[in-house]
Amino acid sequence: MRIENDIKLGFKDVMIRPKRSTLKSRSEVTLEREFKFLHSPIIWSGIPIMSANMDTVGTFEMAKALSEKKLFTSIHKHYSVAQWNNFLSSSSETTKKNIAVSTGISKQDSEKLAAIIKAYPFLNFICIDVANGYSEYFADFVKHTRRLYPEKVIIAGNVVTGEMVEELLISGADIVKVGIGPGSVCTTRIKTGVGYPQLSAIIECADAAHGLGGQIISDGGCTTPGDIAKAFGAGADFVMLGGMLAGHAESGGEIIEREGKLFKKFYGMSSSTAMEKHIGGVAEYRASEGKTVEIPYKGSVENTLQDILGGLRSTCTYVGASRLKELTKRTTFIRVNEQENRFYTS
């Protein structure tokens, strides 16, 4: 046993200090970025915000809505090949360029991935997703996937420490997902005691990834547009959202009416709800590590996206970053004990 005494920070522990700026308007800020990857020859450009590959968020409908704004979607792994066919036959070229096919590491997952990629070789992104990316088997699976799909952009995770980011990049990943336990419907930290404050995880993992020429995704923990800005300021190349995109018309999840008001279900992918839906229940050797909540129905995701992108542009103007790429270089975090005036709360 050992204790690390350095304090690790989450989004609520800091704010971004404003700096002099020559920008006159938020309209002068460019949020689009272009990425080249460590292993894949593919070049991607767009706004590097993406939906999580949860079945209540990473839906086909969400992909179409996000791609209109040049955002990205990690499609959840529970769609059938036939459903993929129906989706792609009615999707624009822009949508097709801004999606990832998600997979687990089971034999069944691998077979479905192979069938999808064989049928639709123009799909460029593969997201290999497990809750715990620290197993030797997972790194070996990434190596195997790289051998099978040498041209694809491979996303792998989740981890929270620099040494494992390096391991996954060396194993063949182009982008590593960072985050254990920060999600709004994740109970891993409560059930296991394991986790890492998200801001510190981003800072440390970005440093490791960028040293090798890879990228990271900050996955989880964002509750406001300001948190997204902090994630980019800390060095994240992409930011993945779950709860902030839940509850919309384009989101998955059952619609429920209570006393004349509409709600949508949102749940973690390790929750009993998700496991009962997809694998017949919680296995006897494990526990549920996710919540199921009901979110007030929010309508179209378009207004939420405007709020997110507008807030991010405003952050850039406060620190003088004319491009999103410059935000991390212009960011100075200050430690705080308060974030906002809570006199009026909704």
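The model is predicted: local features need pLDDT of at least 70, side-chain atom pairs count only at pLDDT 80 or more, and totals for chains, interfaces and linings use all residues. Residues are numbered from 1 along each chain as its sequence is written, and side-chain values use heavy atoms, with hydrogens and water left out.

Cysteines. I took a disulfide as a pair of cysteine sulfur atoms within 2.5 Å, and the count came to 0 disulfides. For C127, the closest cysteine sulfur is that of C186 at 16 Å, too far for a bond. C205 is in no disulfide either, with the sulfur of C222 nearest at 15 Å. C205 is buried, at 0% relative accessible area.

I found C186 in the loop between β9 (175-178) and α7 (188-192). Helices (H or I, at least four residues) and strands (E, at least two) are DSSP runs, numbered from the N terminus. C186 is partly exposed at 24% relative accessibility. Leaving out residues up to four places away in sequence, I noted that C186 touches G181, E289 and G290 (contact means heavy atoms within 4.5 Å).

Strand β6. I found 5 of 5 residues buried in β6 (residues 99-103).

Methods: Buried < 20%, exposed > 50% of the residue type's maximum accessible area, 1.4 Å probe, protein only.
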